[in-house]
Amino acid sequence: MRNVKGYAIASDGNMKRIAITYDEIDDTGKVISPNLKVNRLISDSDVLLANSTIELFAQSVVNSL
């Protein structure tokens, strides 16, 4: 099994990129490979829209400080 520990989305030129950190876990629940990383360009419009919603929320939090 793979368990996502965290992710970050960043601009890469005109594209968005997602960086994901995860652990690989065996059948007994033991972490066999910690802190693995993968990244991809985001091209799915639904994912881009969801990210835009999160960015707007983050900006509203900062604006309210």
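D23 is buried, with a relative accessible area of 9% (buried means under 20%, exposed over 50% and partly exposed in between, using a 1.4 Å probe and protein chains only). Please keep in mind that this is a predicted model, in which local features need pLDDT of at least 70 and side-chain atom pairs count only at pLDDT 80 or more, while totals for chains, interfaces and linings use all residues. Residues are numbered from 1 along each chain as its sequence is written, and side-chain values use heavy atoms, with hydrogens and water left out.

Let us start with the overall layout. The protein has 1 helix and 3 strands, arranged along the sequence as β-β-β-α. Helices (H or I, at least four residues) and strands (E, at least two) are DSSP runs, numbered from the N terminus. The radius of gyration, taken over C-alpha atoms, is 15 Å, whereas a compact globule of 65 residues would have one near 11 Å (the rule is 2.2 Å times the number of residues to the power 0.38). Buried residues account for 9% of the 65 residues.

Now back to D23, which sits in strand β2 (residues 15-25). Its side chain reaches the backbone nitrogen of N35 at 2.8 Å, and a polar contact is a pair of N or O atoms within 3.5 Å, where within protein one must be able to donate a hydrogen and the other to accept it, and residues adjacent in sequence count only if both atoms are side-chain atoms. Leaving aside neighbours within four places in sequence, the residues in contact with D23 (heavy atoms within 4.5 Å) include M1, R2, V31 and N35.

N35 belongs to strand β3 (residues 31-42). N35 also touches K5, T21 and Y22, among others, again not counting residues up to four places away in sequence. From C-alpha to C-alpha, N35 and T21 are 5.7 Å apart in space and 14 residues apart in sequence.

The two strands run antiparallel and are joined by 9 bridges; strands pair if DSSP finds at least two bridges between them. One of these links I25 to V31 in β3. Together β2 and β3 form a hairpin with 5 residues between them, and G29 in the turn has a positive phi of about 95°.

Over in helix α1 (residues 45-63) lies N51, which touches I9 and K16, not counting residues up to four places away in sequence.

| Residue | Relative accessible area | Class |
|---|---|---|
| D23 | 9% | buried |
| N35 | 43% | partly exposed |
| N51 | 8% | buried |
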